[in-house]
Amino acid sequence: MNFATLEQMALDTAGMVRPPERLMVHEAAAKYRFINQPGQYVGQYDPAKVAYAVEPQECLTSLDYTGMIFVGPAQSSKTDPFLNWVVHNAMCDPSDMMFISPSAAASRDFSFRRVKRMFRQNPIVAARILPDRNSQNTIDIHFLAGQMLTLSWPTVNELS
């Protein structure tokens, strides 16, 4: 084993025991999330552009709440709080997450069109994903810190 390999192992181990960065969900998104949707928005996530979504994102990490419902009209950035929460989870607060779509097809579509696209556009966040032999898996995304993001649909087994 050469010195470079030992040095990388030490750096990787140090990263695993480093305390998490203390940021709110919208702060983590502003720091780590780049959005590339030509014709709509291209640039770093800016909470000021969707100020109505800041408070629901703060509820996601608050110990004062056990749930949060965010309702709004079509095409009004309602998905962004979830994607920002995934970024926050990967970068600041590792824990398991589950996203429920109406059907298996909708879950697969959401995985490819929104979640995996977000990872492709944000290599710093994507670097936190565990390299996997099955990269086409659209259901579970495993992270280096041990947490898992599950994209599923309502079945008796999933919701029990």
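**Notes on the model**

1. Let me begin with a loop: Gln75 sits between α3 (54-61) and α4, where helices (H or I, at least four residues) and strands (E, at least two) are DSSP runs numbered from the N terminus. Gln75 is not a glycine, yet its phi is positive, about 55°. Gln75 counts as exposed, at 76% relative accessibility; the scale is buried under 20% relative accessible area, exposed over 50%, and partly exposed in between (1.4 Å probe, protein chains only).

2. A word on the basis of these notes. This is a predicted model, in which local features need pLDDT of at least 70 and side-chain atom pairs count only at pLDDT 80 or more, while totals for chains, interfaces and linings use all residues. Residues are numbered from 1 along each chain as its sequence is written, and side-chain values use heavy atoms, with hydrogens and water left out.

3. Ser77 also lies in the loop between α3 and α4. Its phi is near 65°, again positive in a residue other than glycine. Ser77 is partly exposed, with a relative accessible area of 28%. For background, most residues other than glycine have a negative phi.

4. What does Leu149 touch, leaving aside residues up to four places away in sequence? Its contacts (heavy atoms within 4.5 Å) are Phe82, Val86, Met97, Val115, Ile139, Asp140, Ile141 and Phe143.

5. Finally, the structure holds 1 cavity of 30 Å³ or more. A cavity here is a set of points, on a 1 Å grid over the protein atoms alone, where a 1.4 Å probe fits but cannot get out, and lining residues have an atom within 4 Å of a point. The largest cavity has a volume of about 50 Å³, taken as the space filled by probe spheres set on the points. Arg33, Ile35, Gln37, Leu83, Arg114, Arg117, Met118 and Gln121 line it. The largest share of this lining, 4 residues, comes from α5, and β1 (34-37) supplies at least two.

Definitions and conventions. On a 1 Å grid over the protein atoms alone, a cavity is a set of points where a 1.4 Å probe fits but cannot get out, and a pocket is an open set with protein on both sides within 12 Å along at least five of seven lines; lining residues have an atom within 4 Å of a point.
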